Each structure stands twice: as structure tokens, then as C-alpha cells.
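Please read this briefing alongside the sequence and the model. It takes a pair of helices to begin with, and then turns to the ligand, the sheet and the remaining helix contacts.

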Amino acid sequence: MSQAPLSGKLTLVTGASRGIGLAVADALHAAGAHVVRLARSLRDGATERRTDLRCDVTDPAAVDRAVARVLGELGVPDVVVNNAGIFFIKRIEETSPAEFAQTLAVNLTGPFLVARALVPHLVRRGAGDLVTIGSVSDHVAYSGSTAYAASKYGLRGMHEVLRQDLARTGVRTTLVSPGPVDTPIWDAVDPDSKPGFTKRSAMMQAGDVAAAVLYAVTQPLRVDVTEIRLMPTVYTARG
Ligand SMILES: NC(=O)c1ccc[n+]([C@@H]2O[C@H](COP(=O)([O-])OP(=O)(O)OC[C@H]3O[C@@H](n4cnc5c(N)ncnc54)[C@H](OP(=O)(O)O)[C@@H]3O)[C@@H](O)[C@H]2O)c1
């Protein structure tokens, strides 16, 4: 692999203001790509090979506006990473309809809106990577995760269908499903104070997920990385 495997490539990452999305954006940038970051707390701006756009991925008009700007000013992205997400732990009777709806809106409708706006362009070009950040909660049930699991199992379903629909178009689809990663998403949960939760010090780091994304999108075109599952290693330090 050359030193800058994504040199000349255009990439787009949602939820890239912090956590995993920020680490993915930084890894893609370090690999030579131009990176477009989308998030609600970002201010519109651009520096060398970096473009930031304020965007709420639950808002169809905002997603269409951001995508139109990217297509008009920068072109068709080579790599699209649907990463933005929210998470909380509440039993079903404690979960309000608004919290459930917002979880689906960010974690499922957001990736739908972004994919819907960009996939036709990737298909027309006959190449591109659509990476979805799922979760261990897209295939394992955790108590108190009703809203999150509904969104992430749904996201895996959408990934599987897109995978089938995009077969033989040249567009690759990858689902990256990590277990616990030490990011701000855990701040409200405070897992260190709760028995049975992985302590933050034992979690994976955002850069570990970014490395998996980078691996998928830098494979030779003949290789389509369908799915990557990552879990923290449960280990006892020795010596
Ligand atoms: N951390 C983990 O243990 C873990 C494990 C498995 C999977 N994941 C998944 O990894 C992804 C990233 O999680 P993280 O841990 O990095 O969380 P995080 O640190 O809380 O970051 C979440 C990102 O999503 C953005 N976001 C939230 N709502 C948004 C909206 N409506 N529109 C646009 N952007 C929005 C946030 O930016 P703004 O607030 O600026 O909008 C932020 O950049 C999520 O899909 C999560 O489900 C995380």
C-alpha cells in the first residue's frame, strides 16, 4: 500500500464532531483523503482537505442541502461513512415515545437519508464505499437497550438489503459493528459505576474502529469487506 492510499479521494463522515466519527475522519484525512464532516455542532468551514458542514441527519431538507453542496462544490464522494448515533439505556416502560422516535431518527432514518441521497451517484460512477457503523447491539440483545437495539438491528437490515441491491454495481458496502468504545456516548451512562458493564479503561478506543473502517475502504477493488465485528479483549494484565 502506498503511503497515502486515499490520496485524491473524497470522503464524507456523519457525526464526525467527536468520538468514533472524528477518529474515522482523522484516519481518512491522514490516509490522504479530503474529508467532509457532518454534525450538528460543527460550523460550516473549510481548510486544506477538510470541509465541515453543520447538519442534523434527522432533517431530510438539511441532509439534501448538505449533499447538494458536497456534490456541487467537491464532487461525488468515494467513501461515505454513516456514523452519527445516539445511545441510552432504559427499560421499555421508562422510554418515552419521543426518546424512541429520536433514536430511530438519528440511528436509522439519518443513514437512510444520507444513503438515499448519495447511492444513486455512487452507482452512476460504478464505484464507492458505503460504510455503516452498526454495533454489537445489531446482533446481540442487551437488557435495557430496546430503542438502541431496534435502531441498530434495523440498520443491519438496511445494510443487508443495500448490499444485495448494490451487488454488481461496483459500490461496496461494509457494516462495522463494534462493542463498547470509550467515547463521550458513555458519559451519561457512567459504566464504571455500574456492575456488569465494561469499564471505560477496558473498552476499545475510537481509533480502533477507525482502523477497521480504513482497512475496509483501502482493500483492492476486487475485495468487498462485508462486515467487521470488533469486541474488547477481556484480558488480565500480567507481569
Ligand atoms: N461508543 C460505543 O461504545 C459504540 C459502540 C458501538 C457502536 N457505536 C456507534 O458508533 C457511532 C458513534 O458513536 P460515538 O461513541 O462516537 O458517540 P459520540 O461520541 O456521542 O458521538 C456521536 C456523534 O454523532 C453526532 N450526532 C448525534 N446526533 C446527530 C444528529 N442528529 N445529526 C448529526 N450528527 C449527530 C454527534 O455530533 P453533534 O452532537 O455535534 O451533532 C457526534 O459527532 C454511533 O452510531 C454509535 O451507535 C458506538
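In this predicted model, helix α1 (residues 19-30) and helix α5 (residues 206-217) pack with their axes 8 Å apart and at an angle of about 50°.

**The contact of α1 with α5**

- The crossing in which α1 passes α5 is right-handed.
- On the α1 side the contact is made by G19, I20, A23, V24, A27 and L28, while α5 contributes A206, G207, V209, A210, A211, V213 and L214.
- Sorted by class, the residues of this contact of α1 with α5 comprise 11 nonpolar and two polar, with no charged residue.

**The shell around the ligand**

- The ligand is surrounded by 29 residues, of which the closest are G15, G19, R40, S41 and G85.
- Helix α1 supplies the largest share of the shell around the ligand, namely three residues.
- Within the shell around the ligand, 15 residues are nonpolar, 11 are polar and three are charged.

**The sheet and its strands**

- Eight strands form an open sheet with mixed pairing, and their order is β3-β4-β2-β1-β5-β6-β7-β8.
- The edge strands are β3 (45-47) and β8 (227-230), each of which pairs on one side only, and the twist from one strand to the next averages 15°.
- Strand β6 (residues 128-133) pairs with strand β7 (residues 171-178) in the parallel sense over six bridges, and within this pairing I133 stands opposite V176 in β7.
- Strand β2 (residues 34-39) and strand β4 (residues 50-54) are likewise paired in the parallel sense, here over five bridges, with V36 standing opposite T51 in β4.
- Strands β3 and β4, by contrast, run antiparallel and are joined by three bridges, and the bridge partner of A46 in β4 is T51.
- A hairpin is formed by β3 and β4, with two residues between them, and R49 in the turn has a positive phi of about 60°.

**Helices that pack on the sheet**

- Helix α3 (residues 97-125) packs on the sheet, where it touches β1 (10-14), β5 (79-82), β6 and β7, and the direction of α3 makes about 165° with that of β6.
- Helix α4 (residues 146-165) lies across β6 and β7, and α4 runs at about 160° to β7.

**The contact of α3 with α4**

- The axes of α3 and α4 come within 8 Å and cross at roughly 15°, which makes α3 roughly parallel to α4.
- The crossing of these two helices, α3 and α4, is right-handed.
- From α3, the residues E99, F100, T103, L104, N107, L108, P111, F112 and A115 meet A147, Y148, A150, S151, K152, G154, L155, M158 and L162 in α4.
- By class, this contact of α3 with α4 holds 12 nonpolar, four polar and two charged residues.

**The contact of α2 with α3**

- Helix α2 (residues 60-73) packs with α3 at an angle of about 30°, and the axes of the two helices are 9 Å apart, which makes α2 roughly parallel to α3.
- As for its handedness, the crossing of α2 and α3 is right-handed.
- In this contact, P60, V63, D64, V67 and L71 in α2 meet L113, V114, A117, L118 and H121 in α3.
- The residues that make the contact of α2 with α3 divide into eight nonpolar, one polar and one charged.

Note on methods: Residues numbered from 1 in each chain as written. Predicted model: local features only at pLDDT ≥ 70, side-chain atom pairs only at ≥ 80, totals over all residues. Axes fitted to C-alpha atoms, helices over the stretch in contact; angles between N-to-C directions. Helix = DSSP H or I, 4+ residues; strand = E, 2+ residues; numbered from the N terminus. Left-handed = near helix turned anticlockwise from the far one by under 90°. Contact = placed C-beta atoms within 7 Å. Nonpolar A, V, L, I, M, F, W, Y, C, P; charged D, E, K, R; others polar. Near = placed C-beta within 6 Å. Pairing = 2+ DSSP bridges. Parallel < 35°, antiparallel > 145°, perpendicular 65-115°, else oblique.
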